[in-house]
Amino acid sequence: MDKGYLLVASVDKEYYEAAIKLAESIHDFDTHAKIALFTHIEWVENDERAQKLFYHIDGTAPNSIRAKLWALPQTPFETTLYIDVDAVVQHEDISKVFDLLGDNDILFTKNRPYNAKITKLSDTQEMIYHCGLFLYNNKQNTLALMDAWDKNWHEQQKPEWEHEFKHLGVTPWDTFTMWDLLNNTEFKDTIKVGVFPTPDARWNFVNGYKYSELDNEDIVIYHYTLSRVKPGLSYS
């Protein structure tokens with residue numbers, strides 16, 4: 001298929017239920033939507049909702065809060081919109097989203113420093129891209145970036161990275177991993193990165209954003225954010 005949405009639900013079943021609600025909201029405003037879900041087989045095998053909502057289901061997702069990084073290179077689409085499942089679509093403009101990629105390989109919305117724990121790494125370095133929603137193509141270099149995102153994030157969980165994160169004042173965050181790949185590896189020369197059109201906040205309006213960010217336009221995707229601070233979560 002040429003375009004579709006990619007959702008990932010792992011670790012806690014509330015993320016699966018959130019994925020169901022998100023998929024329902026996508027279909028409400030994009031009646032021809034194709035949605036891929038990567039999750040655990042025991043959650044979907046007897047759920048009739050899943051069979052109706054999802055075009056592609058993979059039940060082999062790892063039990064990890066970063067299962068999305070594993071899933072991204074496996075997209076079945078030529079153009080993919082990844083959305084964190086703790087979000088809902090609430091405007092018909094969602095059906096136009098795939099046209100926004102243009103000649104970019106990946107398209108992000110921007111972080112709002114007032115709504116993030118940290119964005120600036122130094123006076124000249126800042127993690128400006130929000131990694132909870134993005135468009136990307138399935139070209140070889142782009143899928144290689146997604147694969148490296150998964151591998152490098154796992155590498156950065158090792159003890160030898162602890163000093164680096166302490167020096168930068170950040171936690172081992174997948175946003176940092178993407179920033180590192182786009183700024184300090186060969187991908188800075190091979191991947192064309194863009195930003196959603198202004199006001200980009202309407203495409204990924206995260207809980208806590210200021211409504212002035214919308215420039216009087218409607219929210220397309222509202223990101224309400226489920227808590228990830230729970231006992232027993234796997235970071236592997």
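**Sheet strands and a helix crossing**

Three strands form an open sheet with mixed pairing, in the order β5-β10-β9. Two strands pair if DSSP finds at least two bridges between them. This is a predicted model: local features need pLDDT of at least 70, side-chain atom pairs count only at pLDDT 80 or more, and totals for chains, interfaces and linings use all residues. Residues are numbered from 1 along each chain as its sequence is written, and side-chain values use heavy atoms, without hydrogens or water.

**The open sheet**
- β5 (87-89) and β9 (205-206) are the edge strands, each pairing on one side only.
- β5 pairs with strand β10 (residues 221-223) in the antiparallel sense, over three bridges.
- Val-88 stands opposite Tyr-222 in β10.

**Strands β1 and β2**
- Strand β1 (residues 3-8) pairs with β2 in the parallel sense over four bridges.
- Leu-7 stands opposite Leu-37 in β2.
- Strand β2 (residues 35-38) is covered on both faces. Ile-35 and Leu-37 on one side, and Ala-36 and Phe-38 on the other, are all buried (under 20% relative accessible area, 1.4 Å probe, protein chains only).

**Helices α5 and α7**
- The axes of helix α5 (residues 140-155) and helix α7 (residues 174-184) come within 9 Å and cross at roughly 125°.
- The contact (heavy atoms within 4.5 Å) is made by Leu-145, Ala-148, Trp-149, Asn-152 and Trp-153 of α5. From α7 come Asp-174, Thr-177, Met-178, Leu-181 and Leu-182.

Technical notes: Axes fitted to C-alpha atoms, helices over the stretch in contact; angles between N-to-C directions. Helix = DSSP H or I, 4+ residues; strand = E, 2+ residues; numbered from the N terminus. Buried < 20%, exposed > 50% of the residue type's maximum accessible area, 1.4 Å probe, protein only.
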